[in-house]
Amino acid sequence: NMNMNMNMNIPTSSANTGIGIGTGIGTGTGTNTSYSQSLSQSLTIDEMRTLHRQALMEAESKKTELQLVLASRYRELVGSSDEVTTMSRDANVLKDLVDSLPLLVDSLLSTTDTTNDTTNDTTNDTTNDTT
């Protein structure tokens with residue numbers, strides 16, 4: 001049993017008040033007043049209360065959904081931030097290693113030169129002894 005306002009097609013039955021929730025409300029088109037007036041003329045007090053409860057429940061549901069989405073995005077942001085911090089630290093360690101390479105190569109070359117000099121000296125000493 002559904003009574004319809006023929007001008008606005010607004011449901012007046014409490015079983016069907018979910019239809020049309022939000023229609024014209026908050027759209028900024030100026031239909032808020034006519035929509036509200038039409039509802040107040042076509043709905044009973046109990047139907048308006050039911051409509052109000054449904055709107056509040058829907059708003060609370062949307063609020064909870066938004067909070068969950070925001071919390072998820074925040075966790076993603078914090079995770080990304082941690083990854084960036086770790087990557088920065090690793091990049092600094094790698095930079096330090098790359099910066100130290102010339103010193104390591106010089107050290108290796110000087111060790112090789114010293115070893116070659118010692119080997120040459122020993123070889124020269126034994127060669128001189130046999131002649």
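Modeller: A salt bridge is a side-chain nitrogen of Lys or Arg within 4 Å of a carboxyl oxygen of Asp or Glu. This is a predicted model: local features need pLDDT of at least 70, side-chain atom pairs count only at pLDDT 80 or more, and totals for chains, interfaces and linings use all residues. Residues are numbered from 1 along each chain as its sequence is written, and side-chain values use heavy atoms, without hydrogens and water.

Colleague: Which pattern does the protein follow along the sequence?

Modeller: Helices (H or I, at least four residues) and strands (E, at least two) are DSSP runs, numbered from the N terminus. Read along the sequence, the pattern is β-β-α-α.

Colleague: In which element is confidence highest?

Modeller: pLDDT is the predictor's confidence in each residue, from 0 to 100. Its mean over the protein is 77, and 66% of residues reach 70 or more. Strand β1 (residues 4-5) has the lowest mean, 41, while the highest, 88, belongs to α2.

Colleague: What is the N to O distance between Glu 76 and Arg 73?

Modeller: Glu 76 and Arg 73 are three residues apart in helix α2, so about one helical turn separates them. Their side chains meet in a salt bridge, with an N to O distance of 3.6 Å.

Colleague: Is Asp 99 buried, partly exposed or exposed?

Modeller: Buried means under 20% relative accessible area, exposed over 50%, partly exposed in between (1.4 Å probe, protein chains only). Asp 99 has a value of 45%, so it is partly exposed.

Colleague: What accessible area does the nonpolar patch with Val 98 have?

Modeller: Patches are made of residues with over 30% relative accessible area and no salt bridge; like charges are joined within 9 Å, nonpolar side chains (Val, Leu, Ile, Met, Phe, Trp, Tyr) within 5 Å. Areas come from the Shrake-Rupley method with a 1.4 Å probe; for residues, only the protein chains shown count as cover. Val 98 lies in helix α2 (residues 45-130). With Val 93, Leu 94, Leu 97, Leu 101 and Leu 104, Val 98 forms a surface patch of about 570 Å².
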